[in-house]
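The sequence and the structure are shown first.

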Amino acid sequence: MKNEIKNFLKHKAVFSLGITVVFALYNGFLGISRLSVWYGSFCVFYLLLAAVRGTVLLTEHKLQTKAEKEKIRRKAFVAGSVIMVILSLSLALPVSLAVIMKRPVDIGLTPAIAMAAYTTYKVTSVCVRLKKQKRAEKEPLSLLLGGINLTDALVSVLMLQNTLITAMGENEKMLTLSSVTSGGIYGLILIISIGTAVRGTKSLSEKISP
């Protein structure tokens, strides 16, 4: 029974990874077709985020002996944490574009609905995972994967917010509110990225210590 549950979770994780890649390519298409730096930057972000998530999943899949596990997990966590922090810092570009009103071009309601569907899926997935996750769980790669999922969901909210504002029409009050909330979401993403790295590093130190 435990193996069946484990296999189910693996398939679910791979499915989620595939959805993220498709969404990244979709943003790339919008970036090229609309000549939008906004969507182009998110395409790159999501592809790299998917790469980190894929690396974590692949690492867990390939682990064999106990001796190899800790060593490989340590390297994967350090590399993933560094990339995640860098990616979070790179979000300064699209957030800045939002603040100075260089938002995405008007692409209509259909793409906005697609982004709403993706955002709903990601936020729901994160909520379900957080509800099922054991509070005592301190595995570094598990913490990293959780941080990636939270970042993914928050970025999708950021994108949806600014896309809907563009699709529905902008006004001064809405732009001010959007700038404040975009900055708040960005700050939360940075906290999650750095916090994940710190917690994971602490967990690794506890395992190494006699």
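A residue is called buried when its relative accessible area is under 20%, exposed when that area is over 50%, and partly exposed in between, with a 1.4 Å probe and protein chains only. The model is a predicted one, in which local features need pLDDT of at least 70 and side-chain atom pairs count only at pLDDT 80 or more, while totals for chains, interfaces and linings use all residues. Residues are numbered from 1 along each chain as its sequence is written, and side-chain values use heavy atoms, with hydrogens and water left out.

## Overall make-up

The protein has seven helices and zero strands, and its pattern along the sequence reads α-α-α-α-α-α-α. Helices (H or I, at least four residues) and strands (E, at least two) are DSSP runs numbered from the N terminus. Of the 210 residues, 40% count as buried. A contact here means heavy atoms within 4.5 Å. Among contacts with a separation of 6 or more, 83% are between residues 24 or more positions apart. The accessible surface of the protein is about 12000 Å², and 70% of this belongs to carbon and sulfur atoms. Accessible areas were computed by the Shrake-Rupley method with a 1.4 Å probe, and for residues only the protein chains shown count as cover.

## The nonpolar core

A nonpolar core is a set of buried Ala, Val, Leu, Ile, Met, Phe, Trp, Tyr and Cys residues joined through side-chain atoms within 4.5 Å. The largest such core holds 34 residues, and F42, Y46, V155 and M159 have the most contacts inside it. Two or more residues each are given by α1 (2–33), α2 (37–62), α3 (66–90), α4 (92–99), α5 (109–132), α6 (140–168) and α7 (172–208). Helix α6 supplies the largest share, nine residues. Apart from residues up to four places away in sequence, F42 touches N27, L91, P94, V155, L158 and M159.

## Charged pairs in the interior

A salt bridge is a side-chain nitrogen of Lys or Arg within 4 Å of a carboxyl oxygen of Asp or Glu. The whole structure contains two of them. One joins D152 and R53, with an N to O distance of 3.2 Å. Because D152 belongs to helix α6 and R53 to helix α2, this pair ties together parts that are 99 residues apart in sequence. The other joins K122 and D152, also with an N to O distance of 3.2 Å. This second pair links distant parts of the chain, with K122 in helix α5 and D152 in helix α6, 30 residues apart.

D152 counts as buried because its relative accessible area is 0%, and R53 counts as buried at 2%.

S156 also lies in helix α6. With neighbours within four places in sequence left aside, S156 is in contact with Y46, Y118, T119 and K122.

## Accessibility of selected residues

The table gives relative accessibility for several residues.

| Residue | Relative accessibility | Class |
|---|---|---|
| S156 | 1% | buried |
| T196 | 8% | buried |
| C43 | 12% | buried |
| I83 | 38% | partly exposed |
| V82 | 45% | partly exposed |
| C127 | 48% | partly exposed |

A disulfide is a pair of cysteine sulfur atoms within 2.5 Å. By this rule the count is zero disulfides.

T196 is placed in helix α7. Leaving aside neighbours within four places in sequence, T196 contacts F77, M84, L143, L144 and G147. The C-alpha atoms of T196 and S142 are separated by 10.0 Å, although the two residues are 54 residues apart along the chain.

I83 is found in helix α3. The C-alpha atoms of I83 and V52, 31 residues apart along the chain, are 7.6 Å from each other. V82 lies in helix α3 as well. Together, V78, V82 and I86 make a nonpolar surface patch of about 260 Å². Patches are made of residues with over 30% relative accessible area and no salt bridge, with like charges joined within 9 Å and nonpolar side chains (Val, Leu, Ile, Met, Phe, Trp, Tyr) within 5 Å.
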